[in-house]
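Welcome! Take a moment with the picture, then read on.

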Amino acid sequence: MAQIALRGVPDQLHQELRRSAARNHRSLNREILARLEESVHHRITDVEGLLERIRRRREEIGELDLTDKTLRELKSAGRL
């Protein structure tokens, strides 16, 4: 696998990448690789197909009870 050294990264950009990596539960290196891969392999989304898959999934799942109490319970159970 190839190695790349990146120099001259502005401090602000570095901090934003670090925060983004933390939000995505990735290392800084993996965050940068994910962003590079996305920019190179960018695919046009079939919006209608995506919406149809979402509609089918919602029908399978049924109505969700997302009250504050339910969200707290899910979070404490490690689901969020």
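What follows is a walk through a few helices, a pocket and some single residues.

Please keep in mind that this is a predicted model.

| Helix | Residues | Reach, first to last C-alpha | Expected reach |
|---|---|---|---|
| α1 | 13 residues | 18 Å | 18 Å |
| α3 | 15 residues | 21 Å | 21 Å |

The reach of α1 is close to what is expected at 1.5 Å a residue, and the reach of α3 is likewise close to its expected value. Helix α3 covers residues 47–61. Just after α3 comes Gly62, which takes a positive phi of about 90°.

Which residues of α1 are buried? They are Leu17, Ser20 and Ala21. Looking down the axis of α1, you would find these buried residues within an arc of 100°, so they line one face of the helix. On the other side of α1, Asp11, Ala22 and Arg23 are exposed.

**The largest pocket**

The largest pocket holds about 480 Å³. Its lining is made up of 14 residues, and those nearest the centre of the pocket are Ile4, Asn29, Ile32, Leu33 and Leu36. Two elements, α1 (11–23) and α2 (28–40), each give two or more residues to this lining. Which element provides the largest share of the lining? That is α2, with six residues. Sorted by class, the lining has ten nonpolar residues, three polar residues and one charged residue.

Ile4, one of the residues nearest the centre of the largest pocket, belongs to the segment before α1. Is Ile4 buried or exposed? Its relative accessibility is 76%, and the cut-off for exposed is over 50%, so Ile4 counts as exposed. Ile4 and Arg72 are 68 residues apart along the chain, and 43 Å separates their C-alpha atoms.

**Thr70, in helix α4**

Our last stop is Thr70, which sits in helix α4, residues 68–76. Buried means under 20% relative accessible area; Thr70 has 17%, so it is buried. The side chain of Thr70 also makes a polar contact of 2.9 Å with the side chain of Thr67.

Notes: Residues numbered from 1 in each chain as written. Predicted model: local features only at pLDDT ≥ 70, side-chain atom pairs only at ≥ 80, totals over all residues. Heavy atoms only, no water. Helix = DSSP H or I, 4+ residues; strand = E, 2+ residues; numbered from the N terminus. Buried < 20%, exposed > 50% of the residue type's maximum accessible area, 1.4 Å probe, protein only. Polar contact = N/O pair within 3.5 Å; in protein donor to acceptor, adjacent residues only side chain to side chain. 1 Å grid on protein atoms, 1.4 Å probe; cavity = no way out; pocket = protein on both sides within 12 Å on 5 of 7 lines; lining within 4 Å. Points joined across faces, edges and corners; volume = space filled by probe spheres on them. Nonpolar A, V, L, I, M, F, W, Y, C, P; charged D, E, K, R; others polar. Expected span 1.5 Å × (residues − 1). Arc of directions from axis to C-beta.
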